[in-house]
Amino acid sequence: MMHMTIDGFIFDLDGTLYLGEQALPGAVELLRTLRTAGKQVLFVSNKPLAPRQDYAAKLTRLGMPAEPEDVLTSGYVLGYHLARTAPLLRLYVVGEENLKAELRGHGLTVLEEFAGQDEKQVIQPQGVDAVVVAFDRTLDYRKLNTAYQALIKGAAFFATNPDKTCPMPGGGIPDAGATLAALEHLTGRRVDLLAGKPSRLMVEVAMQRMGLPPERCLMTGDRLETDIHMGQQAGMRTALVLSGATTKEQAAVFKPPPDWVCTGVGELIEKAGLIPPLP
Ligand SMILES: [Mg+2]
């Protein structure tokens, strides 16, 4: 571990450090090694379903001690950003209660459902400045209709994350990307602002937290189009792990290729010390 030149390590969670309720091989040891060496470690997740404390608690439970401040979720990043740039917007959220609480926790105004109208009719959502689309397992026709009506009247169009599906034991379930595609298709609009990976926003908040320039950071994750693409766009070194969503064959044709392709994070224990910084 001598002469390590990367000082900030950003990790995806699902499929990278753990799967379900199990830490992946080498994850616990890697984090211990990095911290012993005085490295900065940050965890990033596109999931807007739970507060940062929950992810920190899970990591801690699995042997990777973490504080809420060490975790960035797409919901947190969206709230953090809007609180600084557009704190007065009234938001209609297609999302779950935890996300609404997260956004309110940043001092933002989250509107209640528009009651008293038949959801089969044209709903007239009043005072919606922006629609926020998120992973929502309570999605229904009323929410879709309300979001649609607000968007065609010109509300801003935000989303927590673009993922089509969320990996689950035994497959995947529809994620925010599905709702986003439906609303883009319905309105002919494109989303104005995306908070999660691979957005610039998430990586900016991550670098701000670590106080390091991108060339001294390594982004590690199991998805090419989010984790790796985000790291590359930001000018970071990237490591793809094959312990999650990506096969070796998919990794082989991705351009530009990640700096490292590993079977799992355990391999980084050796490699992390050898990665030279970008010139
Ligand atoms: Mg992942």
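Predicted model: local features only at pLDDT ≥ 70, side-chain atom pairs only at ≥ 80, totals over all residues.
Biologist: Hello! What makes threonine 33 count as partly exposed?

Modeller: Threonine 33 has 18 other C-beta atoms within 10 Å. Residues are numbered from 1 along each chain as its sequence is written.

Biologist: Where does threonine 33 lie?

Modeller: Threonine 33 is part of helix H1, residues 27-36; helices (H or I, at least four residues) and strands (E, at least two) are DSSP runs, numbered from the N terminus. From threonine 33 to arginine 90 there are 57 residues in sequence and 45 Å in space, C-alpha to C-alpha.

Biologist: Which residues is aspartate 163 in contact with, leaving aside its neighbours within four places in sequence?

Modeller: Asn46, Asp175, Ala176 and Gly177 are its contacts beyond those neighbours, where contact means that the C-beta atoms, placed from the backbone, lie within 7 Å. Asparagine 46 is 117 residues from aspartate 163 along the chain, yet their C-alpha atoms are separated by 8.0 Å. Arginine 216 and aspartate 7 are another such pair: 209 residues apart in sequence and 5.6 Å apart in space, C-alpha to C-alpha.

Biologist: How do you know that domain 1 and domain 2 touch?

Modeller: By the contact count: 9 residues of domain 1 are in contact with 8 residues of domain 2. On the domain 1 side, these are 4 nonpolar, 4 polar and 1 charged residues. Here Ala, Val, Leu, Ile, Met, Phe, Trp, Tyr, Cys and Pro count as nonpolar, Asp, Glu, Lys and Arg as charged, and the others, Gly among them, as polar. Domain 1 covers 8-46 + 197-274 and domain 2 covers 76-194, with bounds from an automatic or database domain assignment. Their centres, over C-alpha atoms, are separated by 28 Å.

Biologist: What makes a set of residues here a nonpolar core, and which members touch the most others?

Modeller: The members are buried Ala, Val, Leu, Ile, Met, Phe, Trp, Tyr and Cys residues joined through C-beta atoms within 7 Å. The largest core has 71 residues, and Phe43, Val131, Val132, Val133 and Ala134 touch the most other members. Both domain 1 and domain 2 supply at least three residues to this core. Valine 131, apart from neighbours within four places in sequence, has contacts including Tyr92, Val94, Leu151 and Phe158.

Biologist: Why is S13 described as mostly covered?

Modeller: In strand S13 (residues 217-221), 5 of its 5 residues are buried. Cys217, Met219 and Gly221 point one way, Leu218 and Thr220 the other way. In a regular strand, side chains alternate between the two faces of the sheet.

Biologist: How do you know that S13 pairs with S1 and S14?

Modeller: Pairing needs at least two bridges found by DSSP. S13 has 4 bridges with strand S1 (residues 8-12) in the parallel sense, and 4 bridges with strand S14 (residues 237-241), also parallel. Methionine 219 is the bridge partner of isoleucine 10 and stands opposite threonine 238 in S14.

Biologist: What makes the unit of S13, H8 and S14 right-handed?

Modeller: S13, helix H8 (residues 224-234) and S14 form a right-handed β-α-β unit. The term means that, with the strands pointing away from the viewer, the path from the first strand over the helix to the second runs clockwise.

Biologist: Which strands form a hairpin?

Modeller: S10 and S11 do, with 2 residues between them, and glycine 170 in the turn has a positive phi of about 90°. Strands S10 (residues 165-168) and S11 (residues 171-174) pair in the antiparallel sense over 4 bridges.

Conventions
Contact = placed C-beta atoms within 7 Å. Buried ≥ 20, exposed ≤ 12 C-beta atoms within 10 Å, placed from the backbone.
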